[in-house]
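Please read them next to the model.

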Amino acid sequence: MRYGIPNFKLEKGIIDRRVAILEAEGIVFKTNVNVGVNYSIEQLNSFDSIVLCGGATERRGLPTKGADSKGVVQAMDFLSQQTKVLYGEKIENQVKATGKNVIVIGGGDTGSDCVGTSNRHGAKSVTNFEIMPKPPVGRSETTPWPFWPLQLKTSSSHEEGCERNWLINTKEFLANEKGELVGLKTIEVEWKLKPGQRPELIEKEGTEKVWPCDLALLALGFTGPEKTLSDQLGIKIDARNNYFATNYQTNIPHIFTAGDMRRGQSLIVWAISEGREAAREVDNYLMGYTNLPTKGNGDLPNL
């Protein structure tokens, strides 16, 4: 939350206030600790229970020709660098959008954050690609209440300046003789729906186009958590590449997992809910009973 979400979207004083409350409650925070790297797995044996909630951090790449060109950058690298600079850190070779034709690939919240940050850098142009169809302005019939609504979201970043394009697939990143990105080759697509099968992506002949581009930001989401901990601890992985758990408890009884590590990339409100529920399961494991509230009884958000 501190480094991945821009300051114009989340003022970090909100995080500082919450951390101060947690510290006052007795929680001890140890930063710059990478368990399994600079903090050995063996040191965890002193704890009666462990909760793994490190998020989904394996970034989805784009297996496209030229994706290794200089100027093709993961969105979180771009965003976190900018936040660190605002806090006075010196970043060598910071990725800047200043004066560049920027294309953001991915139409979610992270893509929106890249649009807003690029505009603040003073980009020459900002274009957004999304491979899915343009959502309707109102709630879709396919997602009636109480489902999460499928409808067009226009953020303040989009309103600040951005050309948005749907049903676009990147075919190739074009680079010069120095390996520097100079353009993107795309093609228009459509989705063919087949009953009982996954939608099929169809390319539309004769719709290839080359876009000028000096900086391509990949905002494609995450495929799951890093496997350093699971490999060293012997934790099972489920079919969706997340840490497997039953009632938040992994195959190792005293180790629990919650949030994006357990359910995959999701929203902060889900992380809050999962953290509370996991705490209840840990309490029950340690004490043999628990008085903590359960999801759905009015004390926790019934998401």
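1. The sulfur of Cys213 lies 12 Å from the closest cysteine sulfur, that of Cys114, which is too far for a bond. A disulfide is a pair of cysteine sulfur atoms within 2.5 Å, and by this rule there are zero disulfides. Cys162 is in none either, its nearest cysteine sulfur being that of Cys114 at 11 Å.

2. Cys213 is buried at 0% relative accessibility, whereas Cys162 is partly exposed at 21%. Buried means under 20% relative accessible area, exposed over 50%, and partly exposed in between (1.4 Å probe, protein chains only).

3. This is a predicted model, in which local features need pLDDT of at least 70 and side-chain atom pairs count only at pLDDT 80 or more, while totals for chains, interfaces and linings use all residues. Residues are numbered from 1 along each chain as its sequence is written, and side-chain values use heavy atoms, without hydrogens and water.

4. There are two aromatic pairs (ring centres of Phe, Tyr and Trp, the latter by its six-membered ring, within 6.5 Å; planes under 30 degrees apart are stacked, over 60 edge-to-face, the rest tilted). Phe129 and Trp211 have ring centres 5.0 Å apart and planes at 70°, so the pair is edge-to-face. Both Phe129 and Trp211 are buried.

5. Phe256 and Tyr285 also pair edge-to-face, at 5.7 Å between centres and 70° between planes. Phe256 is buried, with 1% relative accessible area, and Tyr285 is partly exposed at 36%.
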